[in-house]
There are 2 protein chains.
Amino acid sequence: MNAEIITIGDELMRGEIVDSNKARIAERLLLHDLDCRHQVSVLDDPADMRDAFLRASRRSDFVLVSGGLGPTRDDMTTEVLSETFGRKLELHPPSLAAIEAFFARIGREMADTNRKQAFFPEDADVLENPIGTAPGFSIEVARSGGREGEETRPGHAVFFAMPGVPRELDRMMDEQVIPRIGARLAEVSGGREKQVVRAALLATFGMGESTLEAELGDLMRDGNVELGFRTSFPDNFLRPVARAATIEEADAKIAEAVTAIRERIGDVVYGEGTETMESVVGQELANRGLTIATAESCTGGLIAERLTDVPGSSAYFLGGVVSYSNEAKTAMLGVPAAVIESEGAVSEASVRAMAEGVRERFGSDFGIATSGISGPGGGTPEKPVGLVWIALATADSATHAQSFVFEVDRSRHRRLTAQVALDWIRRSMIGAELIGPSLMRRGGSGSAP
Amino acid sequence: MNAEIITIGDELMRGEIVDSNKARIAERLLLHDLDCRHQVSVLDDPADMRDAFLRASRRSDFVLVSGGLGPTRDDMTTEVLSETFGRKLELHPPSLAAIEAFFARIGREMADTNRKQAFFPEDADVLENPIGTAPGFSIEVARSGGREGEETRPGHAVFFAMPGVPRELDRMMDEQVIPRIGARLAEVSGGREKQVVRAALLATFGMGESTLEAELGDLMRDGNVELGFRTSFPDNFLRPVARAATIEEADAKIAEAVTAIRERIGDVVYGEGTETMESVVGQELANRGLTIATAESCTGGLIAERLTDVPGSSAYFLGGVVSYSNEAKTAMLGVPAAVIESEGAVSEASVRAMAEGVRERFGSDFGIATSGISGPGGGTPEKPVGLVWIALATADSATHAQSFVFEVDRSRHRRLTAQVALDWIRRSMIGAELIGPSLMRRGGSGSAP
């Protein structure tokens, strides 16, 4: 069985919005090992929508449509799907009641335009939307005849129409669509054996894609797992995928691959699955009962923001200072004015004083500090744009400080600096070397550092 | 003339990565008023790639391909394009030299696999990539015969193959591809009159999509401009698009529409074009020679991070404190321990003391403070998850404080709180009322508050 994703909206075709819905749908389809060979986006144009629906009905078993269910004139998915497959539109009273209740709950009057959201093609299976006004629906359609030479698959195609709002889509996929697809697949396979697929995701920081491929290339070719790479600055992700007759067997293959990867590249792997650098750092701090405070200049609050993005972070994050001005470095962190005067704010002496000062003032176990020139302005021949000093003050050992020159734009400079700082906290706790990304001076197709 | 975008990569089809390249390409095509009716994504699979290339060559004039130019085995765009259209692969010595020079510059040895990035289909127009190892290329192909009943456009199709790395793609589109498309369009039109399209983008905060549509609906129907909506939490964007015979005429229509919109919804429009809330706040502060300091609890550094994301922000942002613990609120901001004891950290008295304390300690004109319960834990019957207090301390008037209950998840709670805080600073400077988004208690399809 295969699946196709169709997203609808002028805003997608004009590039006004990045279409993340296809990714959210596709990753969920993987849970059923559903092959997604076609992804198509079309304008809010009935002819183009009709054409995409017809083509999908011929070549795909499951067609996941997102967008065009809203109350405005541009939202035509329901009407066009109905017309394309010769269905009448029918009012679904429970949906109308739900939409009315939704507006009552938020204390607003329901607009007339919202009424149309309670109409569905006849014989549709309505998919409720507990967090929005647009219910989705599913219809099963006979495959319409293809053009000569075009493949038409046997059987029926099942369409799922879902809202374009990401969190409504996510919930509808998880609670309504994925279970229905699972039931359908079970029905079709009728108990016959079926391959299962299992995957893991390993997050790495500090090693470039080609180095990773050189280190792990033979593992990729052992035939037991397929090893995918993905870059999302400043990290690289590894995705071992295993197929087997049973879940247990596939999981064993994955576990073996993960062990082998960790043996090869060790501490470069910082997390698995949905773990982020900040969640891993937080978990390690919480496990050890340790606390942290931040003193940020060039990162401007990014490290604190990331640490506090994790629920429960108040257990280990005491707070921080964003010392953007020299006066703030002195008044709020105790960096001697004479040090800033003689060495400058972007210097080893200043960043050490920041890390030690914030640790002392907040009474934390760790103090992490950044001071650099993220650009685009502010560089000098001695201190070029891209220069950054990072320091980590701890209870038991001397403060560690190091400088880097990251030749990337302002936004990436800040993100990269924050990632090195967080990685140092992690490395310090697990007894790993506080290394920086030595290859950071370069760009390069497809390869984050 | 029309355009088609094809993005290539297993990682896209599996949902491991969000494909932002289609949006970056599409928005640039708009500059030439190029209609982008088809967007397709395919696996790293030669048969699927070939099928997509053939179909595109029949129905589209410009085909913009992204991905598959890297050095790894999965990268097959060049080979498959060559085979599909019957071209030999030829070494392009200047590209090989450029790739070698790239690796020399970053002090690394060139891997053998990078050599293949210097091969291109015969007669290709090589597009240089100054910031990566993968050059792009362009080829003009004869349209292959379609299947019966399928439309085949007259003339030739022009393919542009570009890297998938976003910043390399952006630069290649801007410097190489867009000018070539422009030249081609000029050549084809041969000086004949041609419609131009101009668009504006207005960022709004604080009014829901359906209210916006109710307020502006008649403007949308006056026929002079097309008015698009787009939601990106917590903002709504308005996009008037005008078509006319000349740029001047289209610009005049746009200017008229923007004036009409601003007359209707006033201060709800906070910016135009690429302006962000933080860039607008920064510009207003810089224009007036005013400074700001931040005292953040629940937003955890997000406000400081956003303010400092703007180049040149050191002119007006003095710094901030992230006071995540009660001790930090007292020690770093001077919030009396007795106030926290009696009223709690999430209270009007505490947040006022935070705003006034940070303003005093940093010596800034404005002090902005947040304290709330972003969740998922930490709520009580009196102070539920979602409650937040925001305060703005200024030089000339009493500190303004207000509480909200934002019933959204942790991440959205933080983002929404930061946006209200930044909007208050903006509103304070332009003499607008410090209102909060009164409709924030709701969710709803397609409508941010």
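This section describes the fold of chain A, its interface with chain B and several local features of the backbone.

The model is predicted. Chain A comprises 14 helices and 18 strands. Its C-alpha atoms fill a box of roughly 80 × 60 × 40 Å along the principal axes. Chain A has 449 residues, and 49% of them count as buried. Among contacts in chain A with a separation of 6 or more, 67% link residues 24 or more positions apart.

On each side of the interface the count is 81: 81 residues of chain A are in contact with 81 residues of chain B. Within chain A, the most is given by strand β15, residues 317-323, with seven residues. By residue class, the side of chain A that touches chain B holds 31 nonpolar, 27 polar and 23 charged residues.

Strand pairing also crosses between the chains. Strand β2 (residues 35-42) of chain A is joined to strand β2 (residues 35-42) of chain B by three bridges. The two strands run antiparallel. Within this pairing, A:S41 has B:Q39 as its bridge partner in β2(B).

A further antiparallel pairing lies within chain A. Strand β17 (residues 387-393) and strand β18 (residues 400-405) of chain A pair over six bridges. They form a hairpin, with six residues between β17(A) and β18(A). Across this pair, A:L392 stands opposite A:H400 of β18(A).

In chain A, the bond from A:G375 to A:P376 is cis, with omega near 0°. A:P376 lies between β16 (366-372) and β17 of chain A. Chain B also has a cis bond, from B:G375 to B:P376, again with omega near 0°. B:P376 is placed in the loop between β16 (366-372) and β17 (387-393) of chain B.

A:D123 is not a glycine, yet its phi is positive, at about 70°. The residue sits in the loop between β5 (119-121) and β6 (125-127) of chain A. A:D123 is partly exposed, as 13 other C-beta atoms lie within 10 Å. In chain B, phi of B:D123 is near 65°, also a positive value in a residue other than glycine. B:D123 occupies the loop between β5 (119-121) and β6 (125-127) of chain B. With 13 C-beta neighbours inside 10 Å, B:D123 likewise counts as partly exposed.

A loop position in chain A is buried. A:M207 is in the loop between β10 (202-205) and α7 (209-220) of chain A. A:M207 has 20 C-beta neighbours inside 10 Å, and therefore counts as buried; the cut-off for this class is 20 or more. Beyond its neighbours within four places in sequence, A:M207 is in contact with A:L212, A:N236, A:I265 and A:V268. The C-alpha atoms of A:M207 and A:V269 are separated by 9.6 Å, while the two residues are 62 residues apart along the chain.

Methods: Residues numbered from 1 in each chain as written. Chains lettered and ligands numbered in written order. Predicted model: local features only at pLDDT ≥ 70, side-chain atom pairs only at ≥ 80, totals over all residues. Helix = DSSP H or I, 4+ residues; strand = E, 2+ residues; numbered from the N terminus. Buried ≥ 20, exposed ≤ 12 C-beta atoms within 10 Å, placed from the backbone. Contact = placed C-beta atoms within 7 Å. Nonpolar A, V, L, I, M, F, W, Y, C, P; charged D, E, K, R; others polar. Pairing = 2+ DSSP bridges.
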